[in-house]
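Hi,

Here's the structure I said I'd send over. Have a look at it first, and my notes on the charged pairs and the surface follow below.

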Amino acid sequence: MSARRILFATIAAGGGHVATAHAMAEALERHFPGRFETQVSDYMAALDLTGQDRQHKDFWRWALKHPHLTRAGQRLIDAAPPLTRLFHEVMLRDLAMAAAAHLAREPYDLVVANHGWLTVGLTRAQRRHGLRTPVLTFETEPLDASALWAEPRAERFVVPSNAARKDLLRFGVADARIDVVGYPVRQAILDAPERGAARAELGLDDRFTVLVSLGGEGMGGDPRKLIEPLLGNGAQVVVITGRNAALRGRLAPFAQRGVRIEGFTDRMAWFLAAADVVVGKAGPASVFEALAVGRPFIATAYTALNERAVVRFLEARELGGYAPRPADAVRRALSFREDGAAEAVAGRAAALDIAGMTERLARYIAAYAETGVGDPEAIGAGLE
């Protein structure tokens, strides 16, 4: 029998959508070799909806710079779910028609959508434009959900946590359409090397190391206020600036003082493995990748309400914490030099079983693609 084809439809606005799409595709390939043909697509761009796609991504970059306005806007969206749904359904009419036409020309056995806009557009394509391809929504926010996702007519949701499930219920999605499975991370993260091997491979000293991670867009704040006191306290510092070339240039003088400065990198697993603690913006993918490697995460900033939920999770589970003031962030990072502190966090992070959640999500998707029903044994407590 030929391999079943699964399209992971995402939107490359914020690293979490793309990261989880690849994580799910890679997990299927790892656990079911040869059984599925997977494709990850930046779907609005792939459908040549370039104007709307560009506006969305430009707006997200603006939102990163204006977190208070972003959160206020999200509260407004959540205050009136029916109006939010109506607005998005009208706005995404072209997406619905383009998706229906594309999937008629190029059939897949399953589409897994991990962005609220795609859920709305693909549901409209099923209801109004004859789309017959099954659509499974992975709700990317690990610990909550907004009305942006809450399309009550969507075929099925799989969510990372019971908290996300409760939010979807509150916004009008029927419980029978929601399954809690977990949050996935990429295979490279799950296969991260030991700390000493990572440091040797990256050419780093074998000593206490702080990784400052600013997210894919490099918008996690000015790291210079962190770097100086970390260096003054004898820490080895690595900074990931993402796609922010201007920031990387501003930090260049620190390279002469031994700071490792990297732009966007495909070796994040190695840098996480080399670190003792991670400091940066509380993007869900960044946080759960660090936790998957067993590293504490000190959040210095958050943009959207989903990131606020991640910060609260870090605090409640004693997996790091929130320190918006640079002096506090430095103090908390350096506290992990104390004997047993980092090891205790690694133990609590291991108890989350992120590798197990990733594997169970692959089993759920595999069953859904083959039978139209997710594997019931994969359903559980998720991040709870």
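Let's start with glutamate 89 and arginine 153, whose side chains form a salt bridge, with N to O at 3.0 Å. The two sit in distant parts of the chain, 64 residues apart: glutamate 89 is in helix α5 (residues 81-91), while arginine 153 is in the loop between β4 (135-138) and β5 (156-159). By salt bridge I mean a side-chain nitrogen of Lys or Arg within 4 Å of a carboxyl oxygen of Asp or Glu. Helices (H or I, at least four residues) and strands (E, at least two) are DSSP runs, numbered from the N terminus.

Before going on, a word on what you're looking at: this is a predicted model, where local features need pLDDT of at least 70 and side-chain atom pairs count only at pLDDT 80 or more, while totals for chains, interfaces and linings use all residues. Residues are numbered from 1 along each chain as its sequence is written, and side-chain values use heavy atoms, with hydrogens and water left out.

Back to that pair. Glutamate 89 counts as buried because its relative accessibility is 13%, and arginine 153 counts as partly exposed at 33%. The cut-offs are under 20% relative accessible area for buried, over 50% for exposed, and partly exposed in between (1.4 Å probe, protein chains only). Both residues also belong to a network of salt bridges that links Glu89, Arg124, Arg128, Glu151 and Arg153. Over the whole structure, the search turned up 29 salt bridges.

Two others I'd point you to:

- Aspartate 167 bridges to arginine 170, with the closest N and O atoms 3.1 Å apart. They lie 3 residues apart in helix α8 (residues 162-170), so about one helical turn separates them. Aspartate 167 is buried at 14%, whereas arginine 170 is exposed at 55%.
- Aspartate 375 and arginine 363 meet at 2.8 Å, N to O, in another salt bridge. This pair links distant parts of the chain, 12 residues apart, with arginine 363 in helix α19 and aspartate 375 in the segment after α19 (354-371). Aspartate 375 is buried at 17%, and arginine 363 is partly exposed at 21%.

And what about the nonpolar surface? Phe59, Trp62 and Leu69 make up a nonpolar patch there, with about 320 Å² of accessible area together (Shrake-Rupley method, 1.4 Å probe). Patch residues have over 30% relative accessible area and no salt bridge; nonpolar side chains (Val, Leu, Ile, Met, Phe, Trp, Tyr) are joined within 5 Å, like charges within 9 Å. Tryptophan 62 is in helix α3 (residues 50-65) and is partly exposed at 35%.

Cheers
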